[in-house]
Every structure is written in C-alpha cells, then in structure tokens.
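Let's take a friendly walk through this structure, one part after another. Keep the 3D view open as you read.

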Amino acid sequence: MLTNIGAKPRVNTPWRIRNDKKNIIVYKCVTDTLTHKVLTPLEATLLPFLDGTFTLDDIKEAWNDALDITDKKEDPHSNLFQSTLTDLISHAGIVTFEGEPSPSFREANQHLFPDFSSYQYPIERLARPISVNVAITNLCRCDCIYCYAERRTCDEADFEQLKDLFCDLSENEIFMVDVTGGDIFTRTDVLEILAEMVKREFVFFLSTKSLLSQETAFRLKELGIGIPDQPLHLRRDIQVSIDSPNTEVAKMLTRNSRYLDNAIETIKNLIAAGLQPRVKCVLTSYNFDAPEGLVRLFTDLGVTNFQFVQYGRSYYRHDDALFLTQEQKLSMKEAIERLREQYPSVSITAQEDTSISSQKKKSIEDWDRRSICSGGRVSMLIQPNGDVTLCDQIPHADNHIVGNVFKEGITGVWNSPKLYNFLYPSRDQFYGTVCYTCSEFDLCHKWQGYCYRDSLFYFGTLLDAPPDCPRQTKTALRQI
C-alpha cells in the first residue's frame with residue numbers, strides 16, 4: 001500500500017517514454033537489456049504527473065479529474081489508483097521515490113496524454129521499434145575460429161547515408177542504437193560515426209579486436225564512451241575481446257599473430273585515457289583454463305570487469321572440438337569461484353553451465369512462459385548496405401530481408417507487408433509440421449513468437465516448430 005501521501009514519485013532516469021499515438025510505452029534505455037512496457041489506459045493517465053514534484057495527493061486529484069469522479073471524498077477508484085501506481089513502481093523500477101525531481105518533465109511531455117478514444121491495449125507489436133542494431137561493417141581484423149557471425153561481404157553505407165539513417169532513428173525516438181556486425185574500428189571514419197551517434201543521444205555498446213591508439217582512446221573519452229561510473233542512461237561501454245594470456249593460443253584462436261600484444265597495448269591506452277574497458281573471453285576446449293591468467297594479467301593493468309562465455313555452435317562455421325568437455329566446464333567453474341574470492345572488488349561474470357546435452361524440449365508450462373522474440377516486435381537489425389533482417393544469427397539472404405532503410409526509411413520497413421508476413425507466416429506455410437494442426441498456432445505466433453533461428457539451425461527451415469517446443473515430434477537434423 002502507498003501510505004506516504006507526501007511522497008513524490010517520478011519516472012526513473014534510465015526509462016524513456018514515448019507516445020505511439022494509439023498507446024504509450026516506456027522502455028529502459030540501457031545497453032544490457034531490452035525491457036519495455038505498454039501502458040494500460042489507467043497507467044497512461046498517471047505517468048505524465050510522475051515528475052517528482054507532485055505528491056500522491058496531487059496525483060490522485062488529477063486521477064479523479066481524469067476519471068470525472070465528482071464525489072472525491074468517497075472515491076470508488078481509491079484501490080484502483082493504489083494498485084495502478086503500485087504496478088508502475090514494481091515493474092522493473094519504472095517509478096522511484098528517490099533522486100531529484102524533474103520540474104520540466106510534464107511541460108516537455110504534454111504529448112504524452114494520448115487520445116483515449118482510440119487507445120489500444122494490449123498490442124502484438126510496437127508501432128515503431130525501440131531498439132535497432134546497426135551493422136556498420138562486416139569487416140574484422142581477426143578471423144576467429146569460434147566466430148558466430150556470417151561475415152557476408154556486402155556494400156557498406158557511406159558516412160552521409162549513416163547520418164541520414166541516424167536522423168531517421170532520432171526523429172522516430174529510437175535511442176537504443178547498438179553497434180553489431182564486424183568491428184567498427186576497421187572504418188577510417190569510425191570516430192566521426194560515433195560522434196554523430198553521441199550527438200543524437202544514442203545508447204550503444206562497442207566491442208573491438210582492433211589496436212586502438214592513445215589518440216583514439218582520448219577521443220573516445222571526449223565522446224563519453226567507456227567512461228566508468230556513468231549514469232545508466234549515459235553508459236556507452238567498450239569491450240576488448242581477449243581469449244588467452246598465452247601468445248600462441250591467442251594467435252591460434254584469432255588467426256592474428258600479434259593479437260595478444262595488440263590487445264595489451266589497447267587496454268593500456270584505454271586505461272591511460274581514464275576509460276574502463278571490459279575484457280571478454282570466449283572459452284573453448286583450447287583455452288578453458290584462461291580465466292585465471294587473464295584476470296591476473298589485466299587487473300595488474302587496471303581492468304576491473306571481466307566476462308567469460310562458453311563456445312556455442314553457429315550456423316556458419318563449427319568444430320565439435322571447440323566444445324568444452326564436462327571436466328573442463330567444472331574446472332572453469334572452480335577457477336571462477338577462486339577468482340571471485342581473490343578479487344572481491346573485480347566484476348567477474350561467467351557462463352557457468354556444466355551440463356553436456358543438446359537442446360531439450362520444454363514442458364508446456366515453461367513453453368508458455370518463454371521469452372517473447374524481440375525481432376520485428378520491438379527491434380530489428382540493419383545490415384551494412386541498409387537491408388533489414390530480424391535476427392543477427394540468420395543468413396543475410398533475399399528470403400530473410402524484409403526491406404531496406406535507405407530506400408524505405410525506418411517506419412517504411414517496420415510497417416511493410418514484407419516484414420509483417422515474415423513475422424507472422426500463415427498456417428499454410430507450415431504444412432507438414434506440428435504447427436499446421438496446432439490449436440495454439442495463433443496464440444503462439446502472433447503473441448509470443450517462436451525462435452525461427454533455432455528452427456533454421458536444427459531443421460534447416462524457418463517454418464517449423466523449434467526443437468524446444470513440447471509439441472515438436474521431429475528429430476533434429478543437426479545438434480547444436
């Protein structure tokens with residue numbers, strides 16, 4: 001219950017609010033998650049008042065006016081007001097009672113009062129994406145043996161095309177514009193591109209295997225990239241991928257003879273500029289014992305953030321020999337536990353799964369609670385030539401392309417029949433699969449979606465139930 005009537009709630013800083021005309025959405029504008037909420041009409045009446053200057057009594061008064069309640073002393077909506085505001089407070093930290101008020105919030109967000117006569121809730125997908133991944137390039141200075149990327153050769157947008165794209169994204173209030181594909185630092189105009197992104201308040205994450213000079217490091221600092229202790233909504237982190245403290249192992253994994261030396265120099269240059277890079281390591285059977293050496297080496301240089309993930313099969317290149325054995329997984333997990341004890345002030349995250357098994361079917365209950373696929377519902381991927389696909393792990397092929405932003409614009413692609421038909425294929429297209437006769441077809445495909453990437457990986461087609469669907473009866477053509 002909300003008992004402190006003098007409290008002044010406000011929308012938490014990382015969250016952005018957007019009026020999509022037929023509904024209001026809020027989304028957390030950070031790089032490490034994709035969290036959003038489509039507001040109910042009742043929630044939408046409250047949100048514009050949550051600027052930290054109105055007390056609960058003030059907000060309740062506005063609520064009464066909005067609902068045209070004349071006898072405000074005997075407010076029949078009191079419990080509804082309480083529960084509606086409580087839902088906003090409890091949902092992933094959208095609303096807080098802490099921090100400084102934002103007196104300009106309401107004036108700047110008058111457009112957040114929607115037309116309730118045509119308000120739509122719930123909805124299958126957003127009117128515009130909240131997150132877009134942009135593959136600036138497919139090039140990389142390494143050719144890692146474990147790389148999951150397709151690395152297809154295609155034309156790249158020039159600087160002016162990218163500026164136009166960034167303007168289009170900004171005008172559509174899309175600020176989560178992450179960088180994917182190859183290594184952006186292979187572009188000679190990388191700093192100009194990043195400056196345009198920062199100027200438009202985009203939030204993004206950079207990962208590189210390039211050698212970054214001192215000059216580049218200090219320029220990144222000027223742009224506010226890689227600076228530690230920034231507020232969540234201003235975080236633009238930078239990561240350097242390093243897979244072994246051993247020169248020969250690093251050379252073998254990356255197919256780059258000077259990789260470890262270059263990575264060490266990059267880390268030194270970033271630290272000297274006052275930045276705080278994260279070191280990421282992909283663990284394979286060849287470097288499962290890398291964590292201890294990497295943490296020792298790079299904490300001495302000033303790194304305080306490490307991430308370790310296990311090798312997984314890709315659609316494009318794979319070698320069973322890269323998988324960790326169960327013994328290696330157990331050894332790695334023990335090493336991570338030791339490191340956390342030895343370096344309590346260092347952040348060490350790790351994928352610590354020790355099972356050895358292929359994909360298993362979910363129970364009906366777990367299947368119904370599965371995560372909703374974000375592709376085409378809240379996000380999309382822009383290839384270096386402007387083609388749009390809905391997942392970075394399906395091939396950049398004609399039958400997977402749903403449009404081109406340089407020809408149709410962001411909203412043109414997003415609202416195109418081609419994207420809609422890809423996202424919501426008809427039942428007839430699943431003839432011969434369990435989906436064709438499934439009574440849950442419409443609920444599954446329209447409201448929750450299914451992992452067409454897994455369907456492709458396991459069965460060679462997008463148009464089949466994925467292997468973890470409890471109703472799937474086929475044996476996978478490929479194990480993954």
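## Two helices side by side

Start with helix 6 (residues 190-199) and helix 7 (residues 214-223), whose axes come within 10 Å and cross at roughly 10°. Because of that angle, helix 6 is roughly parallel to helix 7; angles under 35 degrees count as roughly parallel. Axes here are lines fitted to C-alpha atoms, for helices over the stretch in contact, and angles run from 0 to 180 degrees between N-to-C directions. Helices (H or I, at least four residues) and strands (E, at least two) are DSSP runs, numbered from the N terminus.

Which residues of the two helices meet? Leu 191, Leu 194, Ala 195 and Val 198 in helix 6 meet Thr 216, Arg 219, Leu 220 and Leu 223 in helix 7, where contact means heavy atoms within 4.5 Å. The residues of this contact divide into 6 nonpolar, 1 polar and 1 charged. Ala, Val, Leu, Ile, Met, Phe, Trp, Tyr, Cys and Pro count as nonpolar, Asp, Glu, Lys and Arg as charged, and the others, Gly among them, as polar.

## About the model

This is a predicted model, in which local features need pLDDT of at least 70 and side-chain atom pairs count only at pLDDT 80 or more, while totals for chains, interfaces and linings use all residues. Residues are numbered from 1 along each chain as its sequence is written, and side-chain values use heavy atoms, with hydrogens and water left out.

Next, find the open sheet of 5 strands, which has the order 8-9-10-11-12 and parallel pairing. Strand 8 (206-208) and strand 12 (347-350) each have a single partner strand, so one side of each is left without a neighbour in the sheet. The twist averages 20° from one strand to the next. Two strands pair if DSSP finds at least two bridges between them.

Strand 8 is joined to strand 9 (residues 238-241) by 3 bridges, and Leu 206 stands opposite Ile 238 in strand 9. Helix 10 (residues 290-299) packs on the sheet, touching strand 10 (278-283), strand 11 (305-310) and strand 12.

## An antiparallel hairpin

Strand 2 (residues 15-19) runs antiparallel to strand 3, with 5 bridges joining them. The two strands form a hairpin with 4 residues between them, and Lys 21 in the turn has a positive phi of about 75°.

Is strand 3 (residues 24-28) mostly covered or uncovered? Strand 3 is mostly covered, with 4 of its 5 residues buried, meaning under 20% relative accessible area (1.4 Å probe, protein chains only). Strand 3 is also joined to strand 4 (residues 36-38) by 3 bridges, and Tyr 27 stands opposite His 36 in strand 4.

Notes: Parallel < 35°, antiparallel > 145°, perpendicular 65-115°, else oblique. Buried < 20%, exposed > 50% of the residue type's maximum accessible area, 1.4 Å probe, protein only.
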